[in-house]
Amino acid sequence: MQINPCAPLRGEITVPGDKSISHRAVMLGALASGTTHITGFLMGEDCLSTIDCFRKMGVSIDVSDKEVVVEGVGLHGLTAPKSELYTGNSGTTTRLLSGLLAGQSFTSTMNGDASIQKRPMGRVMKPLREMGASIEGRDDNFCPLTMHPSELHGIEYRLPVASAQLKSAILLAGLYAEGRTTVIEPAPSRDHTERMFRALGVEIETNGNVITLEPPEDLHAVDIAVPADISSAAFFLVAGAIVPGSELTIRNVGVNPTRTGILDVLRSMGADITESNFRDDAEPVCDLTVRYSRLHGTEIGGSIIPRLIDELPVIAVAAAFAEGETVIRDAQELKVKESNRIASMVAELTKAGVDVEETDDGMIVRGGAKPHGAAFETYKDHRIAMSLAVLGLAAEGASRIDEPEVVAISYPDFFTTLEKLGG
């Protein structure tokens, strides 16, 4: 696909539903007693993998243009799948299901695509085994994973890194454990699981970075409205900030405080971003308007990293167009995403003439010289592909992106939305 420098981006858009919340809505809706109606569901490949896994375990799920309807089977109502549970490219599905499957009364095997088979699962297996889970993996660290029936007990577990996937896997296993389960985070990570638990009647308490779950008798179905995904909105926030003359509004974006690091960082770089029409139900939501502005470098690290880990590739693009130096550190987690996103972004930014240096836990981007177009590789990584497309909008000369179809993992209509805005 060819990306050409574009005129100012203008208009109003709605990006797809939040991927993290969509996954959890299906999972917890399946375990609830009653019918769950999910609106705003992300119809991306990752979330559809979650639906497929639960259908294989006896859950009736109806998908239409308007909503996803999950007929819950209750906390202990899942049935043994007749075939392997295939999670595709979805790390969220794989890691969260590990916790949920650890407490079932049947044996199940879970596997994903070539990318998932390279992503480490040992950090999830360790606490689950401490809870009594019987779980096997290739080289004791990789998919396929096989879970055997076992009796779980609650534990107190201190996370080695701030990870919503790891935290959620433990809490999901805690639904089936005897006694209380406590997770201690080194820094706050996205709390969609905890919020949804409370909505479904689970007794869960958050005190600072300590989350404590009391195992419930059952979960009670509620309807779930999924807000637009701030991780998808991030590409347009950066595009609006770096394409001269742009002004665009993104409607109904989820602004959960554990996810808004992208707003904090872009504003620290001088981006003009305003919020309007704020409302707060199970998740806080607002409209975001971004206008072109001259950006400058900043430092990104520490406790903010879990709040923007998925947005760091496109933040690196913003840094390439900013004056001065941007330092990204404490971001080792980027190495074990769909690709090694540190190495991937450094390689591709270098192709565009950007002065960028890879470090052990991030990168240093020295802006000032306008990037030029190049032939970019996506590494089969949806966020790398969309980040490089955004770069191409403001670069000098045309760019080419290989395998642009990988955006379907999280944002199937990404390029259509870009065209609508004039990209």
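Which side chain does the side chain of Ser 231 make a polar contact with? The partner is the side chain of Arg 259, at 3.1 Å. (A polar contact is a pair of N or O atoms within 3.5 Å; within protein, one must be able to donate a hydrogen and the other to accept it, and residues adjacent in sequence count only if both atoms are side-chain atoms.)

Before going on, know that this is a predicted model, where local features need pLDDT of at least 70 and side-chain atom pairs count only at pLDDT 80 or more, while totals for chains, interfaces and linings use all residues. Residues are numbered from 1 along each chain as its sequence is written, and side-chain values use heavy atoms, with hydrogens and water left out.

Back to Ser 231: look for it in helix α7 (residues 230-242). Helices (H or I, at least four residues) and strands (E, at least two) are DSSP runs, numbered from the N terminus. Ser 231 is buried, at 2% relative accessible area. Here buried means under 20% relative accessible area, exposed means over 50%, and partly exposed is in between (1.4 Å probe, protein chains only). Setting aside neighbours within four places in sequence, Ser 231 is in contact (heavy atoms within 4.5 Å) with Arg 259, Asp 310, Glu 311 and Arg 383.

## Salt bridges

How many salt bridges does the count come to? The answer is 32, where a salt bridge is a side-chain nitrogen of Lys or Arg within 4 Å of a carboxyl oxygen of Asp or Glu. One of them joins Arg 190 to Asp 310, with the closest N and O atoms 3.4 Å apart. Arg 190 sits in the loop between β11 (181-184) and α6 (192-199), and Asp 310 in the loop between β18 (299-300) and α9 (312-320), so this pair ties together parts 120 residues apart in sequence. Both ends are tucked away: Arg 190 is buried at 9% relative accessible area, and Asp 310 is buried at 12%. The two also belong to a network of salt bridges that links Arg 119, Arg 190, Asp 310, Lys 337, Glu 338, Arg 341, Asp 381 and Arg 383.

Now for a pair between strands. Glu 247 forms a salt bridge with Arg 291, and their closest N and O atoms are 3.5 Å apart. Since Glu 247 is in strand β15 (residues 247-254) and Arg 291 in strand β17 (residues 284-291), the pair ties together parts that are 44 residues apart in sequence. Glu 247 is partly exposed, with a relative accessible area of 34%, and so is Arg 291, with 26%. Asp 287 and Arg 279 also meet in a salt bridge, at 4.0 Å from N to O. In that pair Asp 287 is buried at 3%, while Arg 279 counts as partly exposed at 30%.

Most residues other than glycine have a negative phi, and most peptide bonds are trans. Where does this model go another way? The peptide bond from Cys 143 to Pro 144 is cis, with omega near 5°, and Pro 144 lies in strand β9 (residues 142-148).

Two residues have a positive phi without being glycine. Asn 277, with phi of about 55°, is in strand β16 (residues 272-280) and is partly exposed at 47%. Asp 330, with phi near 60°, is in the loop between β19 (324-328) and α10 (341-351) and is partly exposed too, at 31% relative accessibility.

## Helices side by side

The axes of α10 and helix α11 (residues 382-394) come within 11 Å and cross at roughly 25°, which makes α10 roughly parallel to α11. Axes are lines fitted to C-alpha atoms, for helices over the stretch in contact, and angles run from 0 to 180 degrees between N-to-C directions. Angles under 35 degrees count as roughly parallel, over 145 as roughly antiparallel, 65 to 115 as roughly perpendicular and the rest as oblique. Residues making the contact include Arg 341 and Met 345 of α10 and Arg 383 and Leu 388 of α11.

Helix α4 (residues 122-130) and helix α5 (residues 164-174) have axes that come within 10 Å and cross at roughly 30°, so α4 is roughly parallel to α5. Their crossing is right-handed. On the α4 side, Arg 123, Val 124, Pro 127 and Leu 128 meet Leu 166, Ala 169, Ile 170 and Ala 173 in α5.

Technical notes. Left-handed = near helix turned anticlockwise from the far one by under 90°.
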